[in-house]
Amino acid sequence: MKILQWSIFSALLSFAAWGCSSENPAKPDDGDLGKTSSSSAVSAVSSSSAAVKPGSSSAKAGESSSSVSKPEDPLSSSSGYTYYSSGYFCWSEPCDVPGSSAAVSSSSAKTSSSSSSSSSVKASSSSSAPKSSSSFTQQPPILSGDILTDTRDGMQYMTHLIGSVRWMTQGLCFAVSGSTYYGDNEMHCSDGYGRLYTYAAAAGACPAGWRLPSRAEVEDALDNGLEAIYTGRGSGSDDNFIDQMGFMWTSAAPASGDNDNCSTADCGVILIQNNPDYKIEPPFFQIDSYSKRFGVRCVQ
């Protein structure tokens with residue numbers, strides 16, 4: 001009987017031991033859970049790293065499955081690797097990711113380059129741009145021998161030195177407000193007659209450094225064979241006396257011996273020379289209206 005009881009007791013112990021085997025492990029405590037999770041993560045990373053190949057579309061080691069997807073067939077660099085940073089394609093590392101120091105540096109360089117280029121273009125555009133009429137500075141005429149070139153319009157005039165004064169031997173043809181061609185015929189410029197000017201227009205029409213002649217200069221020139229130009233004149237809408245009489249503005253003030261042909265206070269002094277084929281009469285000074293149009297011969 002004792003032997004039978006011992007056998008039953010041994011059988012019960014064996015059954016109890018089988019119920020507590022490794023197929024039914026005990027629930028780990030919190031500390032064990034942490035260790036198990038960490039270990040699993042490391043294993044997962046290692047597994048992922050081992051699976052990634054150069055140039056593949058898989059995420060880099062350490063990136064979760066929620067990362068931004070990459071192109072399926074990206075271009076690769078000469079080294080055979082394609083670099084990504086936060087979903088941005090790059091040729092090399094470090095990648096110019098928006099907000100990164102590399103990107104900021106690259107952006108600053110581009111901005112600086114763009115600004116410099118724009119400034120150069122503007123500077124170049126500004127330096128090569130023509131001056132406006134308000135900032136125009138009149139260039140002096142060019143005198144080469146006896147030929148005077150008016151740099152304002154390119155017209156050329158023959159000149160002649162009488163005493164210490166240089167005279168234009170042709171009528172001035174520079175266009176200003178208050179001047180006209182005789183009979184509206186521009187050929188009178190090339191013929192040497194020049195344009196006809198009101199006094200106000202004549203006073204400012206000569207090239208820089210040149211001016212209207214004074215009474216004394218006219219008298220001296222006449223004594224030394226000043227040749228006449230039979231310009232004709234303009235009065236209102238009428239032009240007359242071309243090739244018959246020459247009329248030339250001077251800077252002289254009216255004098256008692258001058259022929260008076262002015263009925264207002266706005267009068268100036270002109271020189272009149274008659275063509276001998278029209279009328280034989282010596283040259284004389286005449287007081288005439290500022291508003292009439294006469295020829296101009298500048299002196300220096």
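**Aromatic pairs and a buried Asp**

Modeller: Let me open with Y290: the residue is partly exposed, at 31% relative accessible area. Bear in mind that this is a predicted model.

Colleague: Which residue does Y290 form an aromatic pair with?

Modeller: Y199. The two rings are stacked, 4.5 Å centre to centre, with 20° between the planes.

Colleague: How many residues apart in sequence are the parts that this pair ties together?

Modeller: They are 91 residues apart. Y199 lies in helix α5, residues 199–203, and Y290 in the segment after β14, so the pair links those two parts.

Colleague: Which residues form the aromatic cluster?

Modeller: Y199 and Y290 are in it, together with F241, F247, W249, Y278 and F294. The model has six aromatic pairs.

Colleague: Switching to charges. Which residues lie over the face of a ring?

Modeller: R152 sits over F174, at 3.5 Å from the ring centre. R215 sits over F285, at 4.7 Å from the ring centre.

Colleague: Now D288. Where is it found?

Modeller: In strand β14. D288 counts as buried, at 0% relative accessibility.

Colleague: Which side chains does D288 make polar contacts with?

Modeller: One is the side chain of Q286, at 2.7 Å. Another is that of N261, at 3.2 Å.

Colleague: What else does D288 touch?

Modeller: Leaving out residues up to four places away in sequence, its contacts include C262, D266, C267, G268 and I270. F294 is also one of them, and F294 belongs to the aromatic cluster.

Methods. Residues are numbered from 1 along each chain as its sequence is written. This is a predicted model: local features need pLDDT of at least 70, side-chain atom pairs count only at pLDDT 80 or more; totals for chains, interfaces and linings use all residues. Side-chain values use heavy atoms; hydrogens and water are left out. Rings of Phe, Tyr and Trp (its six-membered ring) pair if their centres lie within 6.5 Å; planes under 30 degrees apart count as stacked, over 60 as edge-to-face and the rest as tilted. Helices (H or I, at least four residues) and strands (E, at least two) are DSSP runs, numbered from the N terminus. Buried means under 20% relative accessible area, exposed over 50%, partly exposed in between (1.4 Å probe, protein chains only). A charge sits over a ring if NZ of Lys or CZ of Arg is within 6 Å of the ring centre and within 35 degrees of the ring normal. A polar contact is a pair of N or O atoms within 3.5 Å; within protein, one must be able to donate a hydrogen and the other to accept it, and residues adjacent in sequence count only if both atoms are side-chain atoms. Contact means heavy atoms within 4.5 Å.
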